[in-house]
Amino acid sequence: DVGGFYDGKDAELYTRWTQFALLNSSLRIHSVYDKDLDRRPWLWGEQAEKAMRRIYHMRSEMMPYIYSSVHQCYTDMLPLIRSMYIDYPDAENSYRNPQQFMFGDLLLGAPITQAGTGAGKVASQQVWLPEGDSWYNMFTGKMYEGGQTITEQCPLDAFPLYAKGGYPIPMQPYTPRMASTPLSELVVRCYPGLDGRTYSYTLYEDDGLTMDYQKGKSAETKM
């Protein structure tokens, strides 16, 4: 319920909640019934509306990756949203950076949780990037080597979100019906990996309507 409930009248906070919800199992806008709490994004000013639209479109585009990641929860009991120590149990920094988490195997997020400054509502966030991979900011495309802690400065329309380099990330064109539109066109986003390494990811698909996946009626495509 990222719309908030009582006395939630801050457009910046509403936008940051929406960004956090991008990396959740459900991006759901909801609030109590109140004329002052209408959560339609276009009622919260042009800056917030533009920033939230960006997130809704990203959520739609990421649905093949999200669906594949949720299937991984079903088969392997690996949670969709993971504390860093699940994937990096031997790294001390995994236990010291509660502001960030993995979203499936390939994405790392550190949502903004403080108010920004200036016209752009710029806020800072510390992010630890595990070693052994290169990491790419999905808003700017900037590459960072793993094994370091950085501080990002993010305006209202962005937040720290990184993809592991080298891995093919299954995506799709934007659709307003992200959970029910058939995957007729696959978009594969892939940032450069490290020299000498081979990377892969498996796209999972089923009919999206029935329980037939429990009878083996599904598809797994290794990319």
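This is a predicted model: local features need pLDDT of at least 70, side-chain atom pairs count only at pLDDT 80 or more; totals for chains, interfaces and linings use all residues.

**Helix α3**

I began with a rule for helix length: the expected span of a helix is 1.5 Å times one less than its number of residues.

Next I asked which residues of α3 are buried. My list reads Met63, Pro64, Tyr65, Ile66, Ser68, Ser69, His71 and Gln72.

I then looked at what follows α3 and found Met77, with a positive phi near 60°. Met77 is not a glycine, despite that positive phi. I placed Met77 in the loop between α3 and β1 (81–82). Buried or exposed, I wondered about Met77? Met77 is exposed, because its relative accessible area is 75% and the cut-off for exposed is over 50%.

Lys121 was another entry of this kind: a positive phi of about 55°, although Lys121 is not a glycine. I found Lys121 in the loop between β3 (107–109) and β4 (123–129). With 29% relative accessibility, Lys121 counts as partly exposed.

**Helix α2**

I repeated the length check on α2. Helix α2 runs over residues 46–61, and its 16 residues should span 22 Å; I read 22 Å between its end C-alpha atoms, which agrees.

The buried residues I noted in α2 are Ala48, Ala51, Met52, Ile55, Met58, Arg59 and Ser60. What covers these residues? I found that the cover includes α1 (11–22), α3, β2 (101–103) and β8 (161–164).

Setting aside neighbours within four places in sequence, I listed the contacts of Thr15 as Ala48, Ala51, Met52 and Leu156.

**The nonpolar cores**

I kept a general point in mind here: in soluble globular proteins, nonpolar side chains tend to be buried together. How many residues does the largest nonpolar core have? I read 32, and those with the most contacts inside this core are Leu22, Met62, Phe103, Leu107, Phe159 and Leu161. At least two residues each are supplied by α1, α2, α3, β2, β8 and β9 (169–171). Helix α3 gives the most to this core, with three residues.

Phe103 is in contact with Leu22, Leu23, Asn24, Arg59, Met62, Tyr65, Ile66, Leu80 and Ile81. I also noted a second, separate core of twelve residues, which includes Met84, Val127, Trp128 and Tyr144.

**The largest pocket**

I turned to open space and found about 550 Å³ in the largest pocket. Its lining has 22 residues, and Met63, Tyr67, Met178, Ala179 and Ser180 lie nearest its centre. I asked which elements give two or more residues to this lining, and the reply was α3 and β11 (202–205). The largest share, five residues, comes from α3. By class I logged 13 nonpolar, five polar and four charged residues in the lining.

**The second largest pocket**

The second largest pocket holds about 150 Å³ of space. I wrote down its lining as Tyr67, Val70, His71, Tyr74, Tyr204, Asp206, Gly208, Leu209, Thr210 and Tyr213. Here too α3 provides the largest share, with four residues. The classes in this lining are six nonpolar, three polar and one charged.

**Tyr174, a last stop**

I finished with Tyr174, which sits in the loop between β9 and β10 (187–189). With a relative accessible area of 39%, Tyr174 is partly exposed. I checked Tyr174 against Met63: the two are 111 residues apart in sequence and 9.5 Å apart in space, C-alpha to C-alpha. Beyond its neighbours within four places in sequence, Tyr174 is in contact with His57, Ser60 and Glu61.

Note on methods. Residues are numbered from 1 along each chain as its sequence is written. Side-chain values use heavy atoms; hydrogens and water are left out. Buried means under 20% relative accessible area, exposed over 50%, partly exposed in between (1.4 Å probe, protein chains only). On a 1 Å grid over the protein atoms alone, a cavity is a set of points where a 1.4 Å probe fits but cannot get out, and a pocket is an open set with protein on both sides within 12 Å along at least five of seven lines; lining residues have an atom within 4 Å of a point. Grid points are joined across faces, edges and corners, and a volume is the space filled by probe spheres set on the points. Ala, Val, Leu, Ile, Met, Phe, Trp, Tyr, Cys and Pro count as nonpolar, Asp, Glu, Lys and Arg as charged, and the others, Gly among them, as polar. Contact means heavy atoms within 4.5 Å. A nonpolar core is a set of buried Ala, Val, Leu, Ile, Met, Phe, Trp, Tyr and Cys residues joined through side-chain atoms within 4.5 Å.
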